[in-house]
Amino acid sequence: MKYLLGANENFYKACMHTHSTVSDGIHDPEDVKRHYIQHGYSIVAFTDHNVLVPHPELKDDNFLPITSYEFAIPSGGSGPLCKVFHMNLYAKEEMNDVQVCLDSTAYVVDQDKEHLKHIKYTGKDQYLPYCPESVNKVIREAHKHGFLTCYNHPAWSNETIFDFIQYNGYQFFEVFNTGSHYSVKNTITEWNLRDFHTLLKMGHRVYPIFADDAHIISETDGPYSLAFKGYIMINAPELEYSAVIRALEAGDFYASMGPEIKAIYLEDNKFCVHTSDAAEIRIVTAGRNGVRVAAEPGSTVHYAEHVLIPGTYDFVRVEVLDSQGKIAISRGYFEDELEA
């Protein structure tokens, strides 16, 4: 038996995209931490806009802040149809506070301006035009200087697959974004599972992220709450910064709105999945040869398996649906990985 996910029992609930008063959020970092802990989270990436501020003061035995920020390249136009590029950069080193590709004129809100006086950055403070070359420069520089990269909310950004297939090497892709999906103002469907699948089919080995992008956090999880609706579960040996970063880099996590993926493993030539009680489990491949296991009315399922025949599937991934229509998904596991 070879475990792909769940080799150890430690899964940590993580919000990988949220905002505080460091930029345009209404809650200070301590309040953000309090809200997320109350909803079972152990990890929060504080991705304030274009300013990188570590939060070591928030760290304790049960909570880990990820040093991060959200980088933007606006198109230069105005109005709801204009395109924009947003990417989260997650520092691989806990106290890395040196930003890359700074453009202090881009998407800087009032709260940022004080921080901009003190930030450190590589290269020049310069304007980056909205184009694939600029995006790819940011990705290259981010990786060079010790950051992981997540491409954010493509629907809200008015970008399509024809845009982001030109971006090379980013590690994570926001399949779901709570703030974009549930906002009464934007009314955008930020559900990008089909695009994620297409990226995998085109050879982009990105990992899926469900995230909040919360600027306002409600006390309760109601229909207008813009938090706590999408997260990832990181399978790391301990709640320690380097261990969590290694798990993220390896894709040792799944994205969820509620259902659990407890284990994924290979047994002989079978791809096996154990989940929480579910209405349906799908083992999806690049083609038409996956497996769907559905529960009879009034019952649930929690296990599925699929026989892998070399040369017929390219990659395989998991979708789990519960009785409320909430979903969890795994990353894609490619054939050359599974047969190595």
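Predicted model: local features only at pLDDT ≥ 70, side-chain atom pairs only at ≥ 80, totals over all residues.
Residues are numbered from 1 along each chain as its sequence is written, and side-chain values use heavy atoms, with hydrogens and water left out.

Begin by selecting β3 (43-46); helices (H or I, at least four residues) and strands (E, at least two) are DSSP runs, numbered from the N terminus. Ile43 and Ala45 point to one side of β3, Val44 and Phe46 point to the other, and all are buried, that is, under 20% relative accessible area, with exposed meaning over 50% and partly exposed in between (1.4 Å probe, protein chains only).

Cys15 has Val44 of β3 as its bridge partner. Between β2 and β3 the chain passes through helix α1 (residues 29-38), forming a right-handed β-α-β crossover: with the strands pointing away from the viewer, the path from the first strand over the helix to the second runs clockwise.

Next, select β4 (residues 64-74). Four bridges link β3 to β4, again in parallel, and Pro65 of β4 stands opposite Val44.

**The cavity**

Select Phe46, Val53, Pro54, His55, Pro65, Ile66 and Thr67, which line the largest cavity. On a 1 Å grid over the protein atoms alone, a cavity is a set of points where a 1.4 Å probe fits but cannot get out, and lining residues have an atom within 4 Å of a point. Its volume is about 30 Å³, taken as the space filled by probe spheres set on the points, which are joined across faces, edges and corners. The structure holds one cavity of 30 Å³ or more. Strand β4 contributes the most to this lining, with three residues. By class, the lining has five nonpolar, two polar and no charged residues; Ala, Val, Leu, Ile, Met, Phe, Trp, Tyr, Cys and Pro count as nonpolar, Asp, Glu, Lys and Arg as charged, and the others, Gly among them, as polar.

**Two loop residues**

Most residues other than glycine have a negative phi. Select Asn50, in the loop between β3 and β4, where phi is near 60°. Asn50 counts as buried because its relative accessibility is 5%.

Finally, select Asp268, in the loop between β13 (261-267) and β14 (270-278). Asp268 has a positive phi of about 55°, and at 76% relative accessibility it counts as exposed.

Methods. 1 Å grid on protein atoms, 1.4 Å probe; cavity = no way out; pocket = protein on both sides within 12 Å on 5 of 7 lines; lining within 4 Å. Pairing = 2+ DSSP bridges.
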